[in-house]
Amino acid sequence: MVATIETLLASARLWRGVNRPRLASGNAATSDGVRVVPSGRAGLDALLPGGGWPACGLIELLLTQYGIGELQIVMPLLRDPGSDAAAAASGEMRWIAWLAPPFLPYAPALRAAGLALERQLIVRASQAVEVWWAMEQVLRSGTCRAVLGWAGEARGHVLRRLKLAAEQGGAVGLLFRPAHYRSQASPANVRVALHGVGTDLEVEVFKAQGG
């Protein structure tokens, strides 16, 4: 049977290229031109394409439990002002959205980390399907530069839609999911497994697109 274009594009085994703006000289980027933000941890940056987290696209973090320090490794990405350079000039900084977080973000800690509290949006959701729907809409809107979502099961086409929405909105989506979803195929740019070891956090990068 001859495969149609729609069938090929729906396949999780096919990477889709997208047009991206040329980066200013001196900015670090992955092999496909995505600007990156260093995590601040040399060992982790050495494993990430371009030397840091992609500032646009989809990042999946798989955990055995929440609250083991997972936000610390992505905090530089959340406070990164680079993606809002044009917005800052016009005085319209973009938002950071938190969708169904397992714990209420602690305002003093966010402020101490360099995040503007007036640009944090917290969304409650009771079902995973609500998280996926809201995450896709917010990523595509272009009003947020980072969207964090906590949920469990998601079919492959849902994850592909999230990645495409992030690319269209020029944002980064951060998915926090239980570790047992590691075996599920995912189109995410980067997938990492996080394990709490005493008071330390062990990070395993087991997928990195372009690296």
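Leaving aside its neighbours within four places in sequence, with which residues is L61 in contact? In this predicted model, L61 touches I73, V74, L174, L175, F176, R177, V192 and L194, where contact means heavy atoms within 4.5 Å.

**Basis and overall composition**

The model is predicted, so local features need pLDDT of at least 70 and side-chain atom pairs count only at pLDDT 80 or more, while totals for chains, interfaces and linings use all residues. Residues are numbered from 1 along each chain as its sequence is written, and side-chain values use heavy atoms, with hydrogens and water left out.

The chain has seven helices and nine strands; helices (H or I, at least four residues) and strands (E, at least two) are DSSP runs, numbered from the N terminus. Of its 211 residues, 43% count as buried, that is, under 20% relative accessible area, with exposed meaning over 50% and partly exposed in between (1.4 Å probe, protein chains only). The accessible surface of the chain is about 11000 Å², and carbon and sulfur atoms hold 56% of that area; the areas come from the Shrake-Rupley method with a 1.4 Å probe, and for residues only the protein chains shown count as cover. Among contacts in the chain with a separation of 6 or more, 64% are between residues 24 or more positions apart.

**Nonpolar cores**

A nonpolar core is a set of buried Ala, Val, Leu, Ile, Met, Phe, Trp, Tyr and Cys residues joined through side-chain atoms within 4.5 Å. The largest such core holds 28 residues, of which W53, I59, L61, L78, W98, L148 and L174 touch the most other members. Two or more residues of this core come from each of β3, α3 (75-78), β4 (95-99), β6 (144-150), β7 and β8 (190-197). Apart from it lies another core, of 22 residues, including A97, C144, L159 and A188. In soluble globular proteins, nonpolar side chains tend to be buried together.

One of the contacts of L61 is V74, which is placed in the loop between β3 and α3. V74 is buried, with a relative accessible area of 0%. Leaving aside neighbours within four places in sequence, V74 is in contact with W53, L61 and L174. V74 and G52 are 22 residues apart along the chain, and their C-alpha atoms are separated by 10.0 Å.

**Strand pairing and crossovers**

Two strands pair if DSSP finds at least two bridges between them.

| Strands | Sense | Bridges | A bridge pair |
|---|---|---|---|
| β3 and β7 | parallel | seven | L62 and R177 |
| β4 and β5 | parallel | four | L99 and V123 |

Between β4 and β5 (residues 120-123), the chain passes through helix α5 (residues 107-112) in a right-handed β-α-β crossover. A crossover is right-handed if, with the strands pointing away from the viewer, the path from the first strand over the helix to the second runs clockwise. A right-handed β-α-β unit is also made by β6, α7 and β7. Six of the seven residues of β7 are buried, so this strand is largely enclosed by the rest of the structure.

In α6, the buried residues are V131, W132, A134, M135, E136, V138 and L139, and they pack against β4, β6, α7 and β7. W133 lies in helix α6 but counts as exposed, at 58% relative accessibility. W133 and R161 are 28 residues apart in sequence and 9.7 Å apart in space, C-alpha to C-alpha. After α6 comes G142, whose phi is positive, near 80°.

In α7, V158, L159, L162, K163, A165, A166, E167 and G169 are buried. The buried residues of α7 pack against β3 (57-63), α6 (128-141) and β7 (172-178). Just after α7, G170 takes a positive phi of about 65°.
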